[in-house]
Amino acid sequence: LTLVRAGALAAIAALFAPLAWLLATRRLLTQFDLSQFHLPVRHLYQEALRSGDSLLWTSSLFGGFYLHGDGQAGGAHPLHLLSYRVLPLDIAFNLELTASYVAGAAGMFLLQRRLGLSIDAAIVGALLFAFSGFNLLHLNHMNAVAVFAHAPWMLAAVDVVVRDERRRS
């Protein structure tokens with residue numbers, strides 16, 4: 001284990017610790033849009049999933065609101081469909097919040113390894129991407145962080161299509 005790798009892994013663990021603490025203690029971040037929009041929308045989404053109501057529209061907001069068209073809840077995402085159906089709201093919400101950072105870090109690590117960077121460099125890159133200023137400052141805009149977390153995965157897929165000569169890829 002190199003010093004760079006140990007330091008980067010320690011930094012990743014330290015930055016993931018608050019998100020893991022939220023999951024473990026079943027507490028919710030309730031600042032700004034998280035409590036004023038995202039959590040209430042996900043509550044409506046969860047209730048619709050569990051009762052078999054439409055996930056497209058809710059009459060509980062603004063005298064009628066096209067929930068699916070707004071896209072903030074990510075209602076068609078497989079992780080959301082599963083987690084909000086079977087888990088308590090607080091756990092599903094924190095899992096969604098944490099998953100974006102995990103996906104971003106994993107995707108950037110994979111992309112950088114595909115591009116030939118060393119493991120140490122890929123770990124540092126994953127750390128810097130997942131906990132970049134954009135991602136940390138947009139914590140209360142969880143859908144923006146989720147969208148951004150998909151970027152390295154898409155770039156890795158493009159790299160496979162463009163550069164990989166193996167038919168199986």
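These legends describe close-up views of a predicted model.

View 1. Along the sequence the pattern reads α-α-α-α-α-α-α-α-α. Taken along the principal axes, the C-alpha atoms fill a box of roughly 55 × 40 × 25 Å.

**View 2. Helix α1 packs against helix α5 at an angle of about 160°.** Helix α1 covers residues 3-25, and its axis lies 9 Å from that of α5. Angles over 145 degrees count as roughly antiparallel, and α1 and α5 are therefore roughly antiparallel to each other. The crossing of α1 past α5 is left-handed. On the α1 side, the contact uses Phe-16, Leu-19, Leu-22 and Leu-23. On the α5 side, these residues meet Ile-91, Asn-94, Leu-95, Leu-97, Thr-98, Tyr-101 and Val-102. By class, the contact of α1 with α5 holds nine nonpolar and two polar residues, and no charged ones.

**View 3. Helix α5 runs from residue 89 to residue 114.** This helix has 26 residues. At 1.5 Å a residue, α5 should span 38 Å. Just after α5 comes Gly-116, with a positive phi of about 95°.

**View 4. Phe-16 and Phe-131 form an edge-to-face pair.** Six aromatic pairs are counted in the model. In the pair of Phe-16 with Phe-131, the ring centres are 4.9 Å apart and the planes stand at 80°. Planes over 60 degrees apart count as edge-to-face, so this pair falls in that class. Phe-16 belongs to helix α1. Phe-131 sits in the loop between α6 (119-130) and α7 (133-137). The pair therefore ties together parts that are 115 residues apart in sequence. Phe-16 also takes part in the contact of α1 with α5.

**View 5. Helix α2 and helix α4 pack at an angle of about 80°.** Helix α2 spans residues 33-51 and helix α4 spans residues 78-86. Their axes are 9 Å apart. Angles of 65 to 115 degrees count as roughly perpendicular, and α2 and α4 are therefore roughly perpendicular to each other. From α2, the contact draws on Arg-42, Tyr-45, Gln-46, Leu-49 and Arg-50. From α4, it draws on His-80, Leu-81, Tyr-84, Arg-85 and Val-86. By class, the contact of α2 with α4 has five nonpolar, two polar and three charged residues.

**View 6. Helix α8 meets helix α9 at a crossing of roughly 20°.** Helix α8 is residues 142-149, and helix α9 is residues 151-163. Their axes come within 4 Å. Angles under 35 degrees count as roughly parallel, and α8 and α9 are therefore roughly parallel to each other. Val-147, Phe-148 and Ala-149 of α8 meet Ala-151, Pro-152 and Trp-153 of α9. The contact of α8 with α9 has six nonpolar residues, with no polar and no charged ones.

Definitions and conventions: Residues are numbered from 1 along each chain as its sequence is written. This is a predicted model: local features need pLDDT of at least 70, side-chain atom pairs count only at pLDDT 80 or more; totals for chains, interfaces and linings use all residues. Side-chain values use heavy atoms; hydrogens and water are left out. Axes are lines fitted to C-alpha atoms, for helices over the stretch in contact, and angles run from 0 to 180 degrees between N-to-C directions. Helices (H or I, at least four residues) and strands (E, at least two) are DSSP runs, numbered from the N terminus. Contact means heavy atoms within 4.5 Å. Ala, Val, Leu, Ile, Met, Phe, Trp, Tyr, Cys and Pro count as nonpolar, Asp, Glu, Lys and Arg as charged, and the others, Gly among them, as polar. The expected span of a helix is 1.5 Å times one less than its number of residues. A crossing is left-handed if the near helix is turned anticlockwise from the far one by less than a right angle, and right-handed if clockwise. Rings of Phe, Tyr and Trp (its six-membered ring) pair if their centres lie within 6.5 Å; planes under 30 degrees apart count as stacked, over 60 as edge-to-face and the rest as tilted.
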